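Please keep the sequence and the structure at hand while reading.

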Amino acid sequence: TMFVFSNIKRISRHSLRRYLSGMEKQKIGIIGSGAVGTFFGLRLAEAGHEVRFLASRQQKKIPSSLALESWQGNYILENPKIYETTKKLIDSGENLDWILFCLKSTVFDEYNSEEEETQFIKDLLEPCVDKKKTRIQILMNGLGVEEKLAKVFSPEKIFGGLVYGGLSKKENTIIHQGVPVEIRGGSFLDVKSEIEHAKQLWKSTPYIQYSPQECLLQAQYSKLAWNIPFNGLTIVAGGVDVSQVWGKTNPDDQHVQHSDASILLRQSALGLMQEIVQLANADLKAQSKSAEFFLNSDHLISILSAITDKMAQASYIPSTTQDFLSNRPMEINSIFAEPLARAQALHIPVPRLELLVGLLCSIRNSQK
């Protein structure tokens, strides 16, 4: 199999060196050095690639090292290559083979028009992108980011990816807890030959499971069918964990224990899942995707319900809800508003989503 180590707790350094021998080394730029970007940058640097990080705007001092604490094995990168501008990412050496674009989608909230967004993308990325060579792997939540970048760069060189795994950041250390990290990724244009390039990149590290998606849009909607109900409802319910929306299974008798509120909220979550599936299939059809990629509502909701049972048992708090509780900017536009805009353009009725977006926008406005 491609990823022989992804479910093993710890890998010996000898086994890792043997696994990495013969891998083609790439030059990789990391745009967005939060938990996700730094984690992938560290694992790729560990694999022997030349990794260059763009410093965040909040970063006042360049650290002498970056660390990863993981149940699969720790790693420290001494003297990481961190630069203040994207132009300096290539001033330091040859052009980049890959850029990992890992910013939070709230970065686009600062701009009031598509023209302003496009200019931001040009200013940020054009200095470090060789349009014939550099591939851009987007690792961000929601919908619409690939389309934004495709206005500036070759759509064939753009990739999307959905990250699954318990990652957090504390100062200059990344914490990886509990489960293997997986990327469900694909080509923006669903070009099979381009997906092979992504598979080769991610094959270079045994710690990351790359699951190629024949249809990227289908994969994005499959994740949104969970993110929209549970990131959204846990916020509007006051910043609660998933169990307060879904109920919690009693391990002794397997019955779901509900409060009065969770009964109603669970019904709302299931209703939102159904709306997202209906929207997904309409959008897939509108974009001329094959009917084989249409989502089966009962099948997907069954899978998501089983996942939610486990998350409720663990009292899981979604990432957007954590942002809300910490009074940080929330990813409202890409996760919630963009799907609603597509539903309205396609004349798909989504009354629960409309209400949820209205409530979330009101909460966001009250935070400012």
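## The second largest pocket

The second largest pocket has a lining of 18 residues, and Glu-117, Leu-143, Gly-144, Lys-148 and Glu-338 lie nearest its centre. The elements that give two or more residues to this lining are α4 (114-125), α5 (145-150) and α12. The largest share, 6 residues, comes from α12. By type, the lining divides into 6 nonpolar, 4 polar and 8 charged residues. Here Ala, Val, Leu, Ile, Met, Phe, Trp, Tyr, Cys and Pro count as nonpolar, Asp, Glu, Lys and Arg as charged, and the others, Gly among them, as polar.

The space in this pocket is about 360 Å³. A pocket is an open set of points on a 1 Å grid over the protein atoms alone, where a 1.4 Å probe fits and protein lies on both sides within 12 Å along at least five of seven lines; lining residues have an atom within 4 Å of a point. Points are joined across faces, edges and corners, and the volume is the space filled by probe spheres set on them.

## Basis of the model and the whole chain

The model is predicted: local features need pLDDT of at least 70, side-chain atom pairs count only at pLDDT 80 or more, and totals for chains, interfaces and linings use all residues. Residues are numbered from 1 along each chain as its sequence is written, and side-chain values use heavy atoms, with hydrogens and water left out.

The protein chain has 13 helices and 12 strands, taken as DSSP runs numbered from the N terminus (helices H or I, at least four residues; strands E, at least two). Of its 368 residues, 53% count as buried (under 20% relative accessible area; exposed is over 50%, partly exposed in between, with a 1.4 Å probe and protein chains only). Among contacts (heavy atoms within 4.5 Å) between residues at least 6 apart in sequence, 72% join residues at least 24 apart.

## Nonpolar cores

The largest nonpolar core has 45 residues, and Tyr-221, Ile-228, Phe-230, Phe-336 and Leu-353 are those with the most contacts inside it. Such a core is a set of buried Ala, Val, Leu, Ile, Met, Phe, Trp, Tyr and Cys residues joined through side-chain atoms within 4.5 Å. Two or more residues each come from α7 (216-236), α8 (243-246), α9 (260-286), α10, α12 and α13. The largest share, 10 residues, is that of α9. Apart from this core lies another, of 31 residues, among them Phe-39, Ala-45, Leu-66 and Ile-183.

Leaving out residues up to four places away in sequence, Tyr-221 touches Leu-143, Ile-276, Leu-279, Ala-280, Asp-283, Leu-295 and Arg-342.

## A strand residue

Gly-29 is found in strand β1 (residues 27-31). Its relative accessible area is 0%, so Gly-29 is buried. Leaving out residues up to four places away in sequence, Gly-29 touches Arg-52, Leu-96, Trp-98, Ile-99 and Leu-100.

## Loop residues

Ser-315 lies in the loop between α10 (297-313) and α11 (319-325). Phi of Ser-315 is near 55°, a positive value in a residue other than glycine. With a relative accessible area of 30%, Ser-315 is partly exposed. In the loop between α11 and α12 is Asn-327, whose phi, near 60°, is also positive in a residue other than glycine.

His-347 is found in the loop between α12 (332-345) and α13 (351-367). Its relative accessible area is 70%, so His-347 is exposed.
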